[in-house]
Amino acid sequence: MAVLPIRPTPFFENKNQAFWNLQLAGWGGTTLLRAMSALANDLPPDRLVINLISTITGFSISLLLAVTYNRLIRQKPLVTWGATTVVLAIATGIYAFIDSWVLEVAGGATSQNFAKLFIGIYFFNLTLLGAWSALYYAINFFLQVEEQADRLERLEAQATSAQLAMLRYQLNPHFLFNTLNSISTLVLLKQSETANAMLTRLSSFLRHTLVTQPGGKVTVEQEVETLQLYLGIEQMRFEERLRSTFRIEPEAAKAQLPAMLLQPLVENAIKYGVSPQEEGAEISIAAQVVGPRLRVTVSDTGPGMTMNNTEDGLPAVRPSRARRDSTGVGLTNIRDRLAQAYGEEHRFEIRSPESGGFSVLIELPFETEEAEALSREQAPGAQVEPVKKPAARPAVTPSPTPPKAHQAS
């Protein structure tokens with residue numbers, strides 16, 4: 001899900017400090033501009049003192065305006081702008097009156113032209129305080145929008161994490177039931193060694209599924225380890241009918257992808273490729289790096305898939321002569337996980353030629369664990385969590401054929 005990348009700028013991380021910095025810089029610049037204007041026009045030195053008094057007055061009035069605007073900005077727009085206009089007019093009048101009075105006391109004005117002097121100074125101060133007010137509201141509205149965007153980003157991240165967890169936990173438990181049935185059968189037949197081996201593989205596989213975070217990523221090598229554990233369990237059920245091959249490039253083995261992404265594809269291949277055929281089928285898992293992308297393919301030599309069995313929203317496939325009674329839940333699950341994790345930066349295709357067989361092609365941006373950890377460290381306010389790794393196992397060699405066991409339904 002795409003999120004607007006708005007983050008707090010460092011200058012406004014401390015709002016109070018930023019306010020005082022802007023106050024001092026703005027009014028200091030005004031004082032400097034007035035002083036340069038007085039010197040350029042050969043005005044007497046006492047005019048510098050008058051300008052300093054005017055700056056102090058404006059600085060003090062702006063502090064009062066800040067307190068008032070801070071309350072008005074939380075009101076309804078009509079109340080905010082109406083009250084701001086009134087407050088600004090009154091504040092400008094006070095500012096102009098003080099400036100006019102100081103000029104009169106200093107001998108720069110007479111009582112006859114005090115009114116004209118007041119009006120002239122009023123419009124000048126109105127421009128000054130009006131610009132200050134506009135800048136105050138602009139900055140605060142910007143900070144409010146930024147805060148709302150950050151809050152929305154956090155909420156979207158939480159929603160995405162929850163949805164990823166939900167999608168991952170929708171794994172089909174059918175294999176678990178079959179495995180337990182197979183173990184039960186072996187126990188009844190007093191084949192305790194085979195049953196213990198199968199139970200050990202099942203516990204290892206379940207442990208792997210619990211190690212990674214629901215929305216986390218693992219390397220292709222770690223994902224292959226999990227698949228080998230899973231295939232080892234299923235191979236004890238299907239024996240020589242289940243054949244598996246892995247073709248993992250060394251560079252692709254270091255790439256990252258969402259945890260437990262490929263297991264539903266392999267489960268789908270066993271359910272609809274191996275199980276319906278007496279001779280079984282071969283399942284191939286391949287991973288390679290193509291330019292800046294990781295390409296993963298899971299294919300089987302089963303009967304294939306019919307066109308009218310494809311769920312809406314999945315990539316179209318060519319029709320096959322054999323029917324494949326798939327609900328499409330596993331494929332939809334993977335498609336949704338990829339959309340949540342990568343948005344438009346991924347490719348997901350399913351293919352089923354007329355000659356039979358079924359394959360799923362996935363392309364993702366090539367990411368390594370080191371690059372992702374570095375990006376998390378460089379992100380503002382990011383906290384890098386250690387990645388839990390399963391115990392090392394050979395990543396690219398197929399599991400040895402275990403002792404034979406009776407097939408569960």
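A: Start with one residue and its place in the chain. K190 sits in the loop between α5 (174-188) and α6 (192-211). Keep in mind throughout that this is a predicted model.

Q: Is K190 buried or exposed?

A: The cut-off for exposed is over 50% relative accessible area. K190 has a relative accessible area of 75%, so K190 is exposed.

Q: Where does T368 lie, and which residues does T368 touch beyond its neighbours up to four places away in sequence?

A: T368 lies in the loop between β7 (358-365) and α11 (369-378). Leaving out residues up to four places away in sequence, T368 touches K254 and Q256. The C-alpha atoms of T368 and L257 are 9.2 Å apart, while 111 residues separate the two along the chain. T368 is buried, at 18% relative accessible area.

Q: How do I step back to the whole protein?

A: Begin with the counts. The protein has 11 helices and 7 strands. Of its 409 residues, 43% count as buried. The accessible surface comes to about 22,300 Å², and 61% of that belongs to carbon and sulfur atoms.

Q: What share of the contacts comes from residues 24 or more positions apart?

A: Among contacts with a separation of 6 or more, residues 24 or more positions apart account for 73%.

Q: How do I describe a pair of helices, and at what angle do α1 and α2 pack?

A: Give the angle, the distance between axes, the handedness and the residues in contact. Helix α1 (residues 15-40) packs against helix α2 (residues 46-72) at about 155 degrees, with the axes 10 Å apart. An angle over 145 degrees counts as roughly antiparallel, so α1 is roughly antiparallel to α2. Their crossing is right-handed. On the α1 side the contact includes F19, W20 and W27, and on the α2 side it includes L48, N51 and F59. The residues of this contact divide into 10 nonpolar, 7 polar and 2 charged.

Q: Which residues does N51 touch, leaving out those up to four places away in sequence?

A: With that exclusion, N51 touches R34, A35 and A38. N51 is found in helix α2, and at 12% relative accessibility N51 counts as buried.

Q: How is α2 placed against α3?

A: Apply the description used for the previous pair. α2 and helix α3 (residues 77-105) pack at about 160 degrees, and their axes are 10 Å apart. That makes α2 roughly antiparallel to α3. The crossing of α2 past α3 is right-handed. Among the residues in the contact are I50, I53 and I61 of α2, with V87, L88 and I94 of α3. By class, the contact has 15 nonpolar, 7 polar and 2 charged residues.

Key:
Residues are numbered from 1 along each chain as its sequence is written. This is a predicted model: local features need pLDDT of at least 70, side-chain atom pairs count only at pLDDT 80 or more; totals for chains, interfaces and linings use all residues. Side-chain values use heavy atoms; hydrogens and water are left out. Axes are lines fitted to C-alpha atoms, for helices over the stretch in contact, and angles run from 0 to 180 degrees between N-to-C directions. Helices (H or I, at least four residues) and strands (E, at least two) are DSSP runs, numbered from the N terminus. Angles under 35 degrees count as roughly parallel, over 145 as roughly antiparallel, 65 to 115 as roughly perpendicular and the rest as oblique. A crossing is left-handed if the near helix is turned anticlockwise from the far one by less than a right angle, and right-handed if clockwise. Contact means heavy atoms within 4.5 Å. Ala, Val, Leu, Ile, Met, Phe, Trp, Tyr, Cys and Pro count as nonpolar, Asp, Glu, Lys and Arg as charged, and the others, Gly among them, as polar. Buried means under 20% relative accessible area, exposed over 50%, partly exposed in between (1.4 Å probe, protein chains only). Accessible areas come from the Shrake-Rupley method with a 1.4 Å probe; for residues, only the protein chains shown count as cover.
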